[in-house]
Structures are given as C-alpha cells and as structure tokens.
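Here's a quick tour for anyone meeting this protein for the first time. Have a look at the model, then read on.

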Amino acid sequence: MWETFAQGESPYNRSTYRYTPLLAWLLTPNIYLSTVFGKILFIVCDVLSGLLIYRILRLQGLGSQTARRVSSLWLLNPLPMGVSSRGNAESILAALVLGTLLCMEGRHLTWAAILYGLSVHMKIYPITYALPMALSLRTPETRAAEDKRGWRRFIGFIGSFLNAELFLFASVAGGVFCILTALFYYMYGWEFLHETYLYHLTRRDIRHNFSPYFYMLYLTAGIHPIR
C-alpha cells in the first residue's frame with residue numbers, strides 16, 4: 001500500500017485501510033527511510049505516553065515516586081507493548097489524548113484544544129471525552145450558579161458551561177477537526193468519510209484489539225456475517 005500511496009494514489013485503494021489519510025502521510029518514511037519506521041514511531045509514542053502520565057500526576061500533586069510507579073503500569077504493561085511494537089497506531093492516539101490532558105492541567109488551553117481536535121480527527125472515539133473536559137473547564141463562579149434548587153439548579157448547570165475558556169477550547173478544537181476533515185474530504189471525497197468514520201458505526205470485528213464485545217461477536221460470528 002505504501003508504495004502506491006507515495007505515488008499519489010489513495011490509501012483507500014487498500015480495502016482494509018480504515019483510518020485518516022494523515023496516518024498514511026505520517027508513515028511514508030516507511031518507504032524512503034526504513035520499513036520499520038512506523039513501528040519505531042508507535043513505540044516512541046508509547047514511551048511518550050508513559051512520560052505524559054508521569055507529568056500529569058506530578059502536576060496533580062502526587063509525589064515523584066508514586067507518579068513513577070503509576071506510569072510504570074503503562075510502560076511495563078505487555079499489552080500496549082505488544083500492540084505498539086507489532087505496528088498499531090493506537091499509541092499515537094494515546095499520546096495525543098494524554099498531551100491534551102497535560103496541557104489542560106497546565107492551563108495551556110489553546111494547545112490542549114489543538115491536540116484534542118487532532119485526536120478526534122485521528123479516531124472519532126475521543127469525542128466521548130468532551131463532556132468531562134467541559135466540566136473541568138467550568139470556573140468557580142459558574143459552578144456556584146448550581147447551588148440552587150429545582151429548575152433553577154438545572155438552569156445553573158447549563159449556565160456553568162458559558163465561559164470564555166470553554167468557548168476558546170471548543171472553538172479551536174472544533175476548528176482543527178473541521179479543517180482537517182474538510183481538507184481530506186476535498187482530496188478523497190465520500191470514501192474518506194465512510195472509511196474513516198462511518199464504517200466504524202456498523203463494523204463487526206471479532207479480532208478488534210480492545211473491543212468489549214469481542215466474546216459476544218465471536219459467539220455470534222456464524223449467525224450474522226462479519227463486515
């Protein structure tokens with residue numbers, strides 16, 4: 001696939017490619033530098049994730065020794081080791097999400113929003129982290145509006161999301177996502193939207209790395225066709 005992509009063809013010419021073209025662009029050095037470039041990149045991002053976990057915990061007030069022990073649960077875990085070293089891009093996504101959390105912890109909201117928009121573009125499921133991130137960006141003043149009863153409490157909860165920091169984060173993250181999506185839609189059309197995002201809403205994959213439905217799908221594989 002990489003040879004044809006480097007020659008200007010679509011990465012979706014390979015029927016099993018279900019990712020953003022940005023990932024294919026990142027892995028073009030597989031052709032020009034080394035065939036193991038991608039695996040090295042994934043391993044580096046895996047190690048970076050451990051370092052990001054350590055920095056986040058330190059900013060949250062944990063001691064150095066405790067933070068090292070917690071981050072080692074990731075760095076010495078054979079599961080992410082095996083996934084990244086065999087050539088899976090999940091470690092890039094993990095590094096992007098953890099980078100978002102680190103920037104939010106340090107109140108660098110513009111960088112946090114850029115990383116978050118990029119992570120959602122890479123794979124859509126980090127969109128599920130939007131609500132807890134929004135809750136963390138409420139200011140003490142807006143949170144105080146919830147200290148009421150009945151419908152006023154509900155109105156206060158909704159109003160607590162109306163602040164400049166959350167508006168900045170949502171605008172930048174949404175802008176990054178929309179710009180990248182529009183760019184690749186212009187280049188690859190509907191095929192990009194379907195293979196990168198919509199396909200994953202209907203997929204049935206009994207060999208997916210971390211699917212919580214693995215065993216159910218495995219038992220019913222003979223009943224419904226695998227897509």
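## Before we start

A helix crossing is called left-handed if the near helix is turned anticlockwise from the far one by less than a right angle, and right-handed if clockwise. Keep that in mind for later.

This is a predicted model, where local features need pLDDT of at least 70, side-chain atom pairs count only at pLDDT 80 or more, and totals for chains, interfaces and linings use all residues. Residues are numbered from 1 along each chain as its sequence is written, and side-chain values use heavy atoms, leaving out hydrogens and water.

## The overall build

The protein has 14 helices and 0 strands (DSSP runs, H or I of at least four residues for helices and E of at least two for strands, numbered from the N terminus). Of its 227 residues, 37% are buried, meaning under 20% relative accessible area with a 1.4 Å probe, protein chains only.

## Two helices side by side

Helix α8 (residues 109-122) packs against helix α12 (residues 164-188) at about 35°, with the axes 8 Å apart. Those axes are lines fitted to C-alpha atoms over the stretch in contact, and angles run from 0 to 180 degrees between N-to-C directions. The crossing of α8 and α12 is right-handed.

Who meets whom? On the α8 side you'll find L109, I114 and L118, among others, and on the α12 side residues including L168, F169 and F184 (contact means heavy atoms within 4.5 Å).

## Cysteines

There are 0 disulfides here, a disulfide being a pair of cysteine sulfur atoms within 2.5 Å. C45 is buried at 11% relative accessible area, and C103 is buried too, at 16%.

Technical notes. Buried means under 20% relative accessible area, exposed over 50%, partly exposed in between (1.4 Å probe, protein chains only).
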